[in-house]
Amino acid sequence: MDDIDSAILSHLQRDGRLTNRELARLVGIAPSTCLERVRALRARGVITGYHAAVQPRMLGRSLQALVFARLRPLSREVISGFEAYLAQLPEVVSVFVVSGDDDVVVHVAVPDIEQLHAFLMDRVSARREVVSFRSSVIYQQTSTRVLAPWNGRPGTNQ
């Protein structure tokens, strides 16, 4: 990963709809070189896809929450099964398998508090492997949209 690859990634993370010609101009390389580099980044698994960022509120999902769950028995099979179950639910935005007191953190987006309650009661607590759970409503969210390669120096990313 060199500075040109980093610049390509930076621009594509800000706007995945850039044409190859525009991306090449922004980075300062020939379009053919740019296309080769983007293809190489995809082949190496650095670029995993493109998507449209959406505002959940505009989709009728004005309430977001994090659900923290503890599972038992704790095994790879139980965690994988629960993760697969959650991933197919329409309320679920992301699923994280984590260390610490909780085993899974689930980011959900629903229309209102009643739907959050229904999700918790009907989808989470109904599962045999869930021994406890708690939820926290998200008031504000700030996301980092652009990740650069890590250089290993604390407090910087350059």
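**Stop 1**

Select helix H2 (residues 20-27) and H3: they pack at an angle of about 100°, with their axes 8 Å apart. Axes here are lines fitted to C-alpha atoms, for helices over the stretch in contact, and angles run from 0 to 180 degrees between N-to-C directions. That makes H2 roughly perpendicular to H3, since 65 to 115 degrees counts as roughly perpendicular, under 35 as roughly parallel, over 145 as roughly antiparallel and the rest as oblique. Helices (H or I, at least four residues) and strands (E, at least two) are DSSP runs, numbered from the N terminus.

Before moving on, some ground rules: this is a predicted model, where local features need pLDDT of at least 70 and side-chain atom pairs count only at pLDDT 80 or more, while totals for chains, interfaces and linings use all residues. Residues are numbered from 1 along each chain as its sequence is written, and side-chain values use heavy atoms, with hydrogens and water left out.

Now show side chains at the crossing. H2 brings Asn20, Arg21, Leu23 and Ala24, and H3 brings Pro31, Cys34, Leu35 and Val38; contact means heavy atoms within 4.5 Å. By class, this contact of H2 with H3 has 6 nonpolar, 1 polar and 1 charged residues. The classes go like this: Ala, Val, Leu, Ile, Met, Phe, Trp, Tyr, Cys and Pro are nonpolar, Asp, Glu, Lys and Arg are charged, and the others, Gly among them, are polar.

Pick Ile4, Asp5, Ile8, Leu9 and Leu12 in H1, which meet Cys34, Arg37, Val38 and Leu41 in H3. The contact of H1 with H3 has 7 nonpolar, no polar and 2 charged residues.

Zoom in on Asp5, which lies in helix H1. Is Asp5 buried or exposed? Asp5 is buried, at a relative accessible area of 7% (buried is under 20%, exposed over 50%, partly exposed in between, with a 1.4 Å probe and protein chains only). Not counting residues up to four places away in sequence, Asp5 touches Arg37, Leu41 and Arg44.

**Stop 2: His107 and Glu91**

Jump to His107 in strand S3. His107 is buried, with a relative accessible area of 11%. Beyond four places in sequence, the residues that His107 touches include Gln64, Leu66, Ser94 and Glu91.

Follow that last one: Glu91 sits in the loop between H4 and S2 and is buried, at 13% relative accessible area. Among the contacts of Glu91, leaving aside neighbours within four places in sequence, are Arg61, Arg123 and Phe119.

**Stop 3: a cis bond**

Select Arg72 and Pro73: the peptide bond from Arg72 to Pro73 is cis, with omega near -10°. Pro73 lies in the loop between S1 and helix H4 (76-87).

**Stop 4: the largest pocket**

The largest pocket holds about 1300 Å³ of space. Of its 39 lining residues, select the closest to its centre: His51, Ala53, Ser143, Thr144 and Arg145. On a 1 Å grid over the protein atoms alone, a pocket is an open set of points where a 1.4 Å probe fits, with protein on both sides within 12 Å along at least five of seven lines, and lining residues have an atom within 4 Å of a point. H1 gives the most to the lining of the largest pocket, with 4 residues. That lining divides into 19 nonpolar, 14 polar and 6 charged residues.

Conventions
Points joined across faces, edges and corners; volume = space filled by probe spheres on them.
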